[in-house]
Amino acid sequence: MIREREILGIYLDESRPDVFCLKKRLGRWSPGQVIQTFEDLNRSLADQIKGILKGIRPSRRRTICLGIPRKALFLRELSFPQLEPEEAANAVRMGIGLHSHLKPDEIYHDQWAFRRSKKTVVLLVYIPRNFLDPVLRAIRETGHAKSLGPISPASLGLDILLRAGEGAPLPCTCLCRQGDSWIVSLHGVHAWEGSHPVSVPEGGDISEALKGLSKYLPFPFSRYVMAPVYIVGDLAGTTPEVPLRDPCDDLKGLSGISKQTTWGLCAASLGLSSFPSISLQEGPRHQPFRLRIRPYQLVAGALAVAIILATGTQGMRLRERLHSVQKMKNEIAKLERRLSPMLATQKQLDQVNGQLKDLRDFRSERPSALVVLKALADYTPPETWIRTLNLRGDRVRIRAQGSSAVETMGRWRNSPLFSEVKLVSPVTKDSQQREHFSVEIDLITKKGVGHGS
């Protein structure tokens, strides 16, 4: 007997979770049995999820996908024109504290890098842990932890659903209703490129709101936002005067789905992809093995198989040599791991020695700060005040005020410690006829050469 595979999509609407079940049999997906939901406004979202899952027997052949509403998450688009997509994604992941307004330990986050107009763009999505943690705890407590799959924006599931259909005019935009909110979802040629909330005043025209949003969207979505192709969610309210259709109208490969697209179906559609671009899970994500294989690796493998089949014994010998080389590589890797702490220590030691040398050279070649300050005190006229002093290397920058800038600079030039005294700003006078001026002084080093020599 062929066992069925199942995807359970749960849209995490705090007022009423939307649940949709897909089952696969004989290579085709179709709607499964309707799951009982709990519409109790007095119960928290986690309690409602727990009530839903308690009535379902845990199964390893089931994948539970969680679709998140747009208002519950934060989304940023970051541009890295000089980096490759993989490099840009790593940069955002390692520097998440720079790109999120919340602390890294307060959020779940993921990022997706892609090319748009030959420039690398990273889509960063993050959500507060206090929203997801109660839901994840409810899934664990009901015994479904091993079935947990993608945790993604529901509009990403909508994108996967569109690509499962036939004839979707990509790139395009979708107008979506989530509760009392309108959002616009952007669907590029190759991937989902995010979603944006649309602020519509009470009694206002959504077409005007879309027009305002179009000014901030990148091309080509700035052109398409005024003519969305699909609409998802509750149709109550004013919609633009353009023909909109339901994504279910274009479905291919999903049988028996003829009703209106729901956010529960979009959440379940996350499971149709072996690796959605965004998933806000607890641990690190790992691509399936078949997605990690590069084209050049496939070519190398095919070539190796051809050599083995063509040469027989020589192929076996080659295989043994390759195994030996791999073993040596593993040994080298082990030695490198053992050696790396020592190399790091040596590098730190070299840095410390360099710093010590620089300090010794500095102390031996240049007068100390105390000597410089004493020389200034000895040669500065009593009526002159030094407002600020900056000593860096063998150069001193001073901002001063007094009765005569010329006289003050003349006295400083008499100091055997100063090789050059030059004015670096215009001389100005205040209401009390005091002169304000800035001076740079080059110190004479023990080698007898000043900075400006």
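Biologist: Ala, Val, Leu, Ile, Met, Phe, Trp, Tyr, Cys and Pro count as nonpolar, Asp, Glu, Lys and Arg as charged, and the others, Gly among them, as polar. How do the residues of the lining of the largest pocket divide?

Modeller: This is a predicted model, in which local features need pLDDT of at least 70 and side-chain atom pairs pLDDT 80 or more, while totals for chains, interfaces and linings use all residues. Residues are numbered from 1 along each chain, and side-chain values use heavy atoms, without hydrogens and water. A pocket is an open set of 1 Å grid points where a 1.4 Å probe fits, with protein on both sides within 12 Å along at least five of seven lines, and lining residues have an atom within 4 Å of a point. The lining has 26 residues, with Ala 89, Arg 93, Gln 111, Phe 275 and Gln 287 nearest the centre, and it divides into 10 nonpolar, 9 polar and 7 charged.

Biologist: Which element gives the largest share of that lining?

Modeller: The chain has 13 helices and 17 strands, which are DSSP runs (H or I, at least four residues; E, at least two). Helix H2 (85-94) and strand S6 (107-116) each supply at least two lining residues, and the largest share, 7 residues, comes from S6.
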